[in-house]
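Student: I have a model open on my screen and I'd like to learn how to read it. Can we go through it together?

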Amino acid sequence: MRNINIGILGSTGSIGRNALEVIENLNKNDFKIKVTFLSVDKNIDILSSQVKSFNPVSVFIKDEESYNNFRKRNLHPEPEIFNGEENLLNLIKRDNYDLLIVSVVGFSGLKPTIEAIKSKKRIALANKETLVVAGRIINELLDEYNTELLPIDSEHSAILQCLTGENGNDISKIILTASGGPFRNKSLKELENVTIQQALNHPNWSMGNKITIDSATMMNKGLEIIEAKWIFKQDISKIQVLIHPQSIIHSLVEFTDGSIKAQLGIPDMKIPIQYAITHPARIHSDFPKVNFSIINSLTFEEPDTEKFECLRLAYFAAKEEGTYPIVLNASNEIAVNLFLNGKIKFTQIPEIVKKTLNNHKSIDNFETEHIYEIDRTTREDILKDFMN
Ligand code: MN3
């Protein structure tokens, strides 16, 4: 299936821009991919150039002022231009596309993803928070509407690639690799005084601010174990994390016979993005390749969950299930924002998450409405403490 119509949520972010490069590559290799719509928060300069290059039918701009400014630009040919959540959901319900790339950040990915599944679209998901808060419900919807979800996250793409061709052979272990982020070699004491700039300076991956801070606290890996649990339908006890600072091995799967498969590549999101679109096929690319003659060693170490408490808290939420993962995610999003706005220290991020989880009364059989409610009240409760 080389004729594909694609919508992209979050087209001006890091994943969105990489996705458009991948689409250009695929179209040079006998694909006929049409980008039917793009949604952005407020970066209308990048959006303008994307509109010129890809000529989408429609664009959605979340920020109202940017929406009004974009309308004055009179592009030729001009796409339909929308604003307001209801209009975004209407775009997602249309039948002019097959695959939705969800590359928005955080909890905001949930509602559009649910709507796209209900419209029987395939999902290429870069937004791990959606599976963290609603993994069970998303899996039920995928079954009910008979569609599929492909991971864009590099670790989960690696696992999918290891499992492809295994025809349901039993897994004994999934090993998610983690770079360890910028603070791998810092002591817990040193973490107290790290700056926003230091936290944003990731050694291997160039990503958006939220995920970069999550990588520095290792909450990113915590969210990823929950993401893996739902995508690959495995018990959390089978999902391990291993620090691999070179970010060349993107994850490993151990089978019951003792064999281990791994997927390797340079740390570049274009490879997992392209695989999500073409799976199970592999299509030529000129993206940079691993050169083993200049890699001296691939090393591994156990994560320090005392130093990176967010990872321990995520394991707790993943094991307990119920509504803990919703609270884990909401408190982390708020804490990361507070840190990025200079309101709290780096080490207060796990403190806030821990305190919020401790105060939470989890429920087991929750539905989608509960997720929105718990997300909202969790955020409000934390922000109350920072109002004065
Ligand atoms: Mn990842």
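Student: How many residues of domain 1 are in contact with domain 2, and how many of domain 2 with domain 1?

Tutor: Some ground rules before we count. This is a predicted model, where local features need pLDDT of at least 70 and side-chain atom pairs count only at pLDDT 80 or more, while totals for chains, interfaces and linings use all residues. Residues are numbered from 1 along each chain as its sequence is written, and side-chain values use heavy atoms, with hydrogens and water left out. Contact means heavy atoms within 4.5 Å. By that rule, 22 residues of domain 1 touch 30 residues of domain 2.

Student: Where do the two domains run?

Tutor: Domain bounds come from an automatic or database domain assignment. Here that assignment gives domain 1 as 3-151 and domain 2 as 156-267 + 287-387. Their C-alpha centres are 24 Å apart.

Student: What area do domain 1 and domain 2 bury between them?

Tutor: The size of an interface is often given as the accessible area lost when the parts come together. Buried area is just that loss, taken with a 1.4 Å probe and summed over both parts. For domain 1 and domain 2 the figure is about 2,200 Å², with 68% of it on carbon and sulfur atoms. On the domain 1 side, Phe-107, Lys-128 and Val-132 supply 30% of the buried area, more than any other three residues.

Student: How many polar contacts and salt bridges are there between domain 1 and domain 2?

Tutor: A polar contact is a pair of N or O atoms within 3.5 Å; within protein, one must be able to donate a hydrogen and the other to accept it, and residues adjacent in sequence count only if both atoms are side-chain atoms. Between domain 1 and domain 2 there are 6 residue pairs in polar contact, both at pLDDT 80 or more. Helices (H or I, at least four residues) and strands (E, at least two) are DSSP runs, numbered from the N terminus. The elements giving two or more residues to the domain 1 side are α1 (14-28), α5 (110-118), α6 (128-144) and β7 (149-151). Of these, α6 gives the most, with 10 residues. As for salt bridges, the rule is a side-chain nitrogen of Lys or Arg within 4 Å of a carboxyl oxygen of Asp or Glu, and the count between the domains is 2.

Student: Which residue does Glu-224 pair with in a salt bridge?

Tutor: Its partner is Lys-128, with the closest N and O atoms 2.8 Å apart. To judge burial, call a residue buried under 20% relative accessible area, exposed over 50% and partly exposed in between (1.4 Å probe, protein chains only). Glu-224 is buried at 1%, and Lys-128 is buried at 3%.

Student: How is helix α7 placed, buried or exposed?

Tutor: All 10 of the 10 residues of α7 (residues 154-163) are buried, so the helix is largely enclosed by the rest of the structure. Its cover includes β7, β8 (171-178), α11 (219-231), β10 (249-255), β11 (260-264) and α12 (270-278). Helix α12 is itself mostly covered, with 8 of its 9 residues buried.

Student: What does Thr-147 touch?

Tutor: Thr-147 sits in the loop between α6 and β7 and is buried, at 15% relative accessibility. Leaving out residues up to four places away in sequence, Thr-147 touches Ile-117, Lys-120, Lys-121, Arg-122 and Leu-142. A polar atom of the Thr-147 side chain lies 2.8 Å from the backbone oxygen of Lys-121.

Student: Which residue forms a salt bridge with Glu-148?

Tutor: That would be Arg-122, at 3.1 Å, N to O. Glu-148 lies in the loop between α6 and β7 and Arg-122 in strand β6 (residues 122-125), so the pair ties together parts 26 residues apart in sequence. Glu-148 is partly exposed at 37%, whereas Arg-122 is buried at 18%.

Notes: Buried area is the accessible area (1.4 Å probe) that two parts lose on being put together, summed over both.
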